[in-house]
Amino acid sequence: MDWIFFLASPLQLTERAGEQRSGDFGIARLGGVAALSIQRLVYRSPDIAWDAITSHLIFVLRHPATPQLIRVQAARTLDDILVIVPRNLTAAPSDLQAAVQRRVLDVLAQQIMLSGTASSTNVELRRVGLETLHQILQASGHTLLVGWETIFEVLGSVCRPAPSDPASYLAPPESGPSRGRPPPLGYLQERGYSALIKIAFQCMTLMCDALAVLSPEHLRLCISTLGQFGRQADTNIALTAAESLFWGVSDAIQAKRREADHEPAYSALWMHLLLEILRLCADARPEVRMGAIQTLFRTLQLYGATLSLETWDECVWKVTFPLLDKLSPHVRRNTLTPPSSPPDATAAVTTTTTDVDPDTTTPAAAAAADASSWDDSKVVALQSIGAILNDFLVEKIMRLSSFAAAWETFVTHIRDAFLLDGRAVSAPALRCLDRALKAAAAAIATATAAADDDGLRGSLVVIWEKTWARCEEMGAVIVRRASAAARRVESPAPFTQESLVVFVDVIKSVRGIGRTLDGAEWSLKRIATLMAILKGELVVPGARR
């Protein structure tokens with residue numbers, strides 16, 4: 001195959017760069033010869049023509065000394081070959097199809113995964129390579145037998161790591177710089193990145209249409225790559241990944257979990273999916289964060305009845321509580337305003353960060369809007385947790401071996417939300433607890449008639465005792481606030497009328513469970529504590545608002 005190198009050697013390409021303004025004659029002829037020899041490229045041994053042609057074109061397009069025009073020409077010539085080859089495999093046996101598909105994707109990966117500086121030439125080479133991959137997936141994706149891991153690696157190489165600073169999430173420029181001025185530093189790189197990530201995500205969307213043929217290993221790669229797209233600066237891409245594509249992957253995994261032989265592997269894969277979504281639940285962008293939270297709990301609620309107790313235990317300890325741990329520091333990061341802000345302060349700031357015009361909004365207003373969006377996210381998380389507990393507390397969660405520790409962690413989170421979070425969060429937190437208590441109260445009749453009466457009754461005792469202990473702690477704070485108000489001491493009003501009303505509902509639910517289980521009224525000491533709390537509620541600041 002010396003004729004191939006004679007047609008277009010790197011030295012000749014460089015020497016003739018000034019003369020060949022429209023491209024190199026050798027590369028053009030090489031592409032024409034390859035187009036006429038597609039059958040030979042497919043059905044003959046790769047060392048006859050395939051290796052020589054593709055390796056030469058890859059060498060030319062990757063060589064830094066080659067002029068830009070020639071590098072782009074070599075890439076387009078190579079891509080024309082790679083697009084045609086998969087279409088000529090329909091009559092080939094499956095082993096040959098797999099071998100040729102592997103060769104095509106390996107060569108294409110060398111073009112897309114260019115190393116070195118992010119020059120405009122490299123960006124253009126990667127862009128045309130990604131467009132070629134998109135064409136292959138559109139026309140021949142349903143026939144692919146191998147190479148899924150290569151595709152996910154290629155798409156992941158386009159994604160940037162998640163920024164450590166949330167302020168780094170900057171939208172790519174919508175328009176070019178003003179006339180007569182040079183582009184700002186990094187402008188061209190941002191434009192190139194924006195173009196690459198959009199094409200790559202289109203490829204990722206096509207990959208998610210072929211989930212049924214993916215093995216567990218390939219599904220794991222798909223989930224990880226999808227998580228990378230969810231952390232990109234383009235909000236539309238991140239939101240689509242969080243809300244739509246992850247949901248489709250979850251459906252595909254659950255469909256395969258129905259087979260008993262595959263249940264353990266796909267259950268582990270499903271947990272990997274939930275953990276990847278969890279990473280997006282603390283995203284700096286409210287839209288992405290909210291979409292991820294809703295997808296996470298919608299998935300849990302839809303498939304919770306089919307999950308084993310082992311999987312539920314992981315969901316409680318690795319997903320639910322870590323989510324609250326991720327959101328709480330952002331809700332509480334302003335230790336001055338959340339507990340003590342007047343009721344109209346939270347209501348006045350109802351816009352999300354997407355409604356804020358950075359050119360006209362003051363830093364204080366932007367910070368208030370950001371704080372409000374974090375409050376909204378935690379409210380949605382608490383409402384979703386309440387729905388999960390309402391549906392699965394008795395059937396699944398109360399039967400976990402770690403239930404006592406889990407319930408204590410849960411009510412501790414509720415106590416901290418009531419006392420430490422903003423006023424917008426306290427009432428939803430207590431309502432989440434009250435919803436769980438009502439589900440537990442409905443299980444008392446089941447505990448009486450069930451064969452495992454002792455286990456279920458023991459869990460109910462844990463619920464009411466640990467919940468009352470946290471109610472006493474919350475009530476003590478209310479009593480102290482009421483005492484300060486009675487002495488006319490200046491004190492912020494961290495409680496709203498709504499949160500205090502829901503707190504009474506929680507106490508009523510706890511008392512109802514305790515009285516039913518014990519078959520008797522509370523002790524005089526406990527009744528005295530309850531009366532002191534209720535008295536404090538009448539005079540604490542916020543009770544009459």
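A residue is termed buried when its relative accessible area is under 20%, exposed when it is over 50%, and partly exposed in between. With a relative accessibility of 41%, glutamate 521 therefore counts as partly exposed. Its salt-bridge partner is arginine 515, and the closest N and O atoms of the two side chains lie 3.6 Å apart. Arginine 515, at a relative accessible area of 37%, is likewise partly exposed.

These values, like those that follow, derive from a predicted model. The mean pLDDT of the protein chain is 83, and 80% of the residues score at least 70. Residues 1-21 have a pLDDT below 50, although the model places 37 contacts between this stretch and residues beyond its near neighbours in sequence.

The secondary structure of the protein chain consists of 23 helices and zero strands. Of its 545 residues, 49% count as buried. The chain exposes about 25,200 Å², of which carbon and sulfur atoms supply 56%. Among contacts between residues at least 6 apart in sequence, 77% join residues that are at least 24 apart.

Helix α6, formed by residues 68-84, contains 17 residues, and the distance from its first C-alpha to its last is 25 Å, close to the expected 24 Å. This helix is mostly covered, with twelve of the 17 residues buried. The buried set includes the aliphatic residues Ile70, Val72, Leu78, Ile81, Leu82 and Val83. Arg71, Gln73, Thr77 and Asp79 are also among the buried residues of α6. Helix α11 (residues 216-230) has 15 residues, which at 1.5 Å a residue should span 21 Å; the end C-alpha atoms are 21 Å apart, in agreement with that expectation. Within α11, the buried residues are His218, Leu219, Cys222, Ile223, Thr225, Leu226, Gly227, Phe229 and Gly230.

The model contains 21 salt bridges in total. One of these joins aspartate 421 to lysine 378, with the closest N and O atoms 2.7 Å apart. The pair connects distant parts of the chain, since aspartate 421 is located in the loop between α18 and α19 and lysine 378 in helix α17, a separation of 43 residues. Both partners lie under the 20% limit for burial: aspartate 421 is buried at a relative accessible area of 2%, and lysine 378 is buried at 2% as well.

A further salt bridge is formed by lysine 466 and glutamate 408, whose closest N and O atoms are separated by 3.3 Å. Because lysine 466 belongs to helix α21 (residues 453-486) and glutamate 408 to helix α18, this pair ties together parts of the chain that are 58 residues apart in sequence. Lysine 466 is partly exposed, with 25% relative accessibility, and glutamate 408 is partly exposed at 33%. The two residues also take part in a network of salt bridges that links Glu408, Arg415, Asp416, Lys466, Arg470 and Glu473.

Serine 402 occupies the loop between α17 (363-392) and α18 (403-420). Its relative accessible area of 17% falls under the 20% limit, so serine 402 counts as buried. The side chain of serine 402 makes a polar contact of 2.5 Å with that of aspartate 313. When neighbours within four places in sequence are left aside, the contacts of serine 402 are with Asp313 and Trp317.

Aspartate 434 is situated in helix α19, which comprises residues 423-442. At 9% relative accessibility, aspartate 434 is buried. Apart from neighbours within four places in sequence, aspartate 434 is in contact with Asp505, Val506 and Ser509.

Note on methods
Residues are numbered from 1 along each chain as its sequence is written. Side-chain values use heavy atoms; hydrogens and water are left out. Helices (H or I, at least four residues) and strands (E, at least two) are DSSP runs, numbered from the N terminus. Buried means under 20% relative accessible area, exposed over 50%, partly exposed in between (1.4 Å probe, protein chains only). A polar contact is a pair of N or O atoms within 3.5 Å; within protein, one must be able to donate a hydrogen and the other to accept it, and residues adjacent in sequence count only if both atoms are side-chain atoms. Contact means heavy atoms within 4.5 Å. The expected span of a helix is 1.5 Å times one less than its number of residues. A salt bridge is a side-chain nitrogen of Lys or Arg within 4 Å of a carboxyl oxygen of Asp or Glu. Accessible areas come from the Shrake-Rupley method with a 1.4 Å probe; for residues, only the protein chains shown count as cover. pLDDT is the predictor's confidence in each residue, from 0 to 100.
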